[in-house]
Amino acid sequence: MADEKELRYDPATIEPKWQERWAADPTLYAADPHDSGKPKYYVLEMLPYPSGQLHMGHVRNYSIGDALARHMWMRGYNVLHPMGWDAFGLPAENAALKNNTPPREWTLSNIAAMKRQMQRLGLGYDWATEITTCLPDYYRWNQWFFLRMYERGLVYRKKSKVNWCPECATVLANEQVIDGRCWRHEDTIVELRDLEQWFFRITAYAQELLDGLDKLDGWPEKVRTMQRNWIGRSEGTEVDFTVEGGPEESSPAKIRVFTTRVDTIFGATSVQLAPEHAITAQFSSTDSVLKEKVAELLDEQKKARETGDIGAIEKHGAPTGRFAINPYNGKRVPIWVANYILADYGTGAIMSVPGHDARDFEFASKYGIPVRRVIAPADPQAEEPALPYLSEDGILINSGEYNGLTCDEAQQRLQHIAKEQAFGEATITFRLKDWGVSRQRYWGTPIPMIHCERDGIVPLPDDQLPVILPANIEITQTGGSPLSRVPEFVNVTCPKCGGPARRETDTMDTFVDSSWYFYRYVDAKNDVEPYAPAKAQHWFPIDQYIGGVEHAILHLIYSRFWTKVMRDLGMILNDEPAQRLFTQGMVIKDGAKMSKSKGNVVSPDDMVARYGADSTRMYALFAAPPDRDLDWQEDGVAGVSRFLGRVWRLTTRHAEAARSAKGQPLAETSGTSLKLLRKLHQTIAKITHDFAGRWHFNTCVAAIMELVNEVQAADAQLTSGEVPAPVIRELLTNLVLLLAPFAPYLSAELWEELGGEGAVLRASWPISNPALAKEDEIEVSVQSNGKLITVIRVPADADAKAIEVAALAEEKVKARIAGKTVVKVIVVPGKTVNLVVK
RNA sequence: GCGGAAGUGGUGAAAUGGCAAACACACCAGCCUUAGGAGCUGGCGCCCAAAAGGCUUAGGGGUUCAAGUCCCCUCUUCCGCACCA
């Protein structure tokens, strides 16, 4: 054929052509500013760190979000679909060291490169709202928020034990330490150091952050569970044990312990102090042997915490020689110091109940501390259980006047008495700690605080914002903040007294940047406030947030916190940033996570160069359901590319017929036409339904393939005119519309080819006609005792009786039940007939 | 140890309790050809030479007329948490 060449699908010419056209129309992917009564839809994908290269995880994440955004546009929503750059962070400083490129330059050129990649992929973002967190017009608002939080007592400074990564040469938040190692350097063990740090009082919202999870039913249960664990609320009781012989210089009056099982207090046979507990120091101040022992225990604990290998560490302890009195029964128990007691949880001291706590049992067994049984199973017939007996469904024994109470009752009674007699109270303890945000690094948001010799810590007035990060600075790997070596930055006058003062030289954790970035998108150019509250109130909460589950704790808990702070500042009305959260699976290759060290990285650029953006994106959606891990197989991309080729040829081949039928109504159809239209409307129904709920885009793509396979099989009838032009038009235009969320380039091209008006993105999503989608004959399986005999065809509206009759009339069925008695017939219309025979 | 998710052909996978393996990849056979990472036709879970037939959703038990799907036990893999008192 002469025009065979024309019939070749060539993404390398189609895609750049459309990319150019889209770039020339900045309103195409922009939210409608006038809004014209359309319902809003805010779809957001997590912004990337500008490493310089998109990886397949990004491609997958953004293909999912873009498909959803496009679908919602076609459904007539006013869609906000923005993108930006999480542009502060250590890699820029490392790159500066390595290549002698300033962090800013390195970052901005990476952003340019990645933006090109995104545009090449055809992702539909509104670049007018793009944000870059390392630029002053963004990070000045970090500083602004810092000051607002300082005013509200949500920012404070304290000296504390912090996680120090020697590799990063800076501190890390608790959330950034994974099994005792740096989240950026898997091989680097994090040290504990004492440093003055700035903190955000996230614990002020601990309870609300926990309670809010119950209402986030659009979030994966997994993420909610992880956050619940992280917040770690535990209800318990604090009780004072009187110290025998106190108070004197080396002996305090009492030790306050924290327990969740105050009901077991009659079984307490010792009190255990953390090595770092103030009272431990008091005791050991007059006892050099103990002092040495405590140092040893502390060392063991530190090591255990640093390696994270806590389960393997052996419990050790040392008796202090002192005794404490149990306030409930006046019993005298020895006071120990133990390496498994942490100073920064609860009160840093516990009562040890070896009979009903596994850890205490292990410890007591080792040191010969008595074990007392004080809880028995509720069922008096039950055998006496082995110790330690950990169940809370029991009743008290050996507990004086409380014998016979259930654990629950006892806890309440004992708490009440502690309160009444002022030796204790019910308390709630959280595992969540305040968020340490100081970083001794250069490439981050400067903290807007001044240290004045006279006035102490002075916040910078708003009119002195932003504090600009100095540009030309020497990056070295030596400790301490690089900013402290820039005199013009450090030396300032105190805003309060005008005297000489020093500027804070720590910068903010980069998780500050990403905690509120999605609010900035709604008003990205605002230079008087972070965003106009009215705009945020219109767009929030985010309707759909999409990203990796690796952010379940860090980013997703910080941004929930930030949202609550902004709400309390009166800037927004929503309590939570995102209504629905979707966490997509990882992209793997040959069964392993893609990584440079494994050499199994597939480059998106490569895929786009070989198969085009449409094929690459569509494969990312087709190869697995979005929530599961996806194994990248290049053959699969080739397969999708071949499929798109078939679509291209099929459509171009019949485009003229389709165009010619413009404006012509669909006549009454039958035969092949009816069959094809039926399939079309079934496909529309399936895909529309999936977008609303399941998001099984893999089966959506498969459904489109089935449709194309069927239309293509009828190619001769399309050519001969047996299938009339209006039907061809109906089939092809709808096919292109269905494809639009998944293969934007090809559908734009074919939409034009079919004579479609305007952008395909502005066309209406097709509506399934149920009457057309309905089959008039369906298949029903016939089973005997659940085993398949045959399949029969019956009219779709056949009732149970008619189906039964039809089934029993089948030769195969007759043969199978010959000589047997049909005891019962179960008919599930539309599905199956099951003959129960004997 | 605790909690969660998962386990289906050679591979990725599909299946509101109702015909297991849709849709693809790979492979096999054939056709075509402007030899292209092309196109078209057919085959493709396992057992059996083939057909007939039988078997089959990690393993075992159960509920049900009917189980990949629901329940119980076991195994394996992955993820999260883990001296948090």
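Modeller: Start with a term. A salt bridge is a side-chain nitrogen of Lys or Arg within 4 Å of a carboxyl oxygen of Asp or Glu. Between domain 1 and domain 2 the count is one salt bridge. This is a predicted model, where local features need pLDDT of at least 70, side-chain atom pairs count only at pLDDT 80 or more, and totals for chains, interfaces and linings use all residues. Side-chain values use heavy atoms, without hydrogens and water, and residues are numbered from 1 along each chain as its sequence is written.

Biologist: Which side chains meet in the salt bridge?

Modeller: Those of R441 and E93, at 2.6 Å from N to O.

Biologist: Where do the two domains lie in chain A?

Modeller: Domain bounds come from an automatic or database domain assignment. Here domain 1 is 31–133 + 511–584, and domain 2 is 141–201 + 436–508. Their C-alpha centres lie 25 Å apart.

Biologist: How many residues are in contact?

Modeller: Contact means heavy atoms within 4.5 Å. Domain 1 brings 33 residues, and domain 2 brings 27.

Biologist: What is the area buried between them?

Modeller: The size of an interface is often given as the accessible area lost when the parts come together. Buried area uses a 1.4 Å probe and is summed over both parts. Here it is about 2,600 Å² between domain 1 and domain 2. Carbon and sulfur atoms give 75% of that area.

Note on methods:
Chains lettered and ligands numbered in written order. Buried area = accessible area lost by both parts, 1.4 Å probe.
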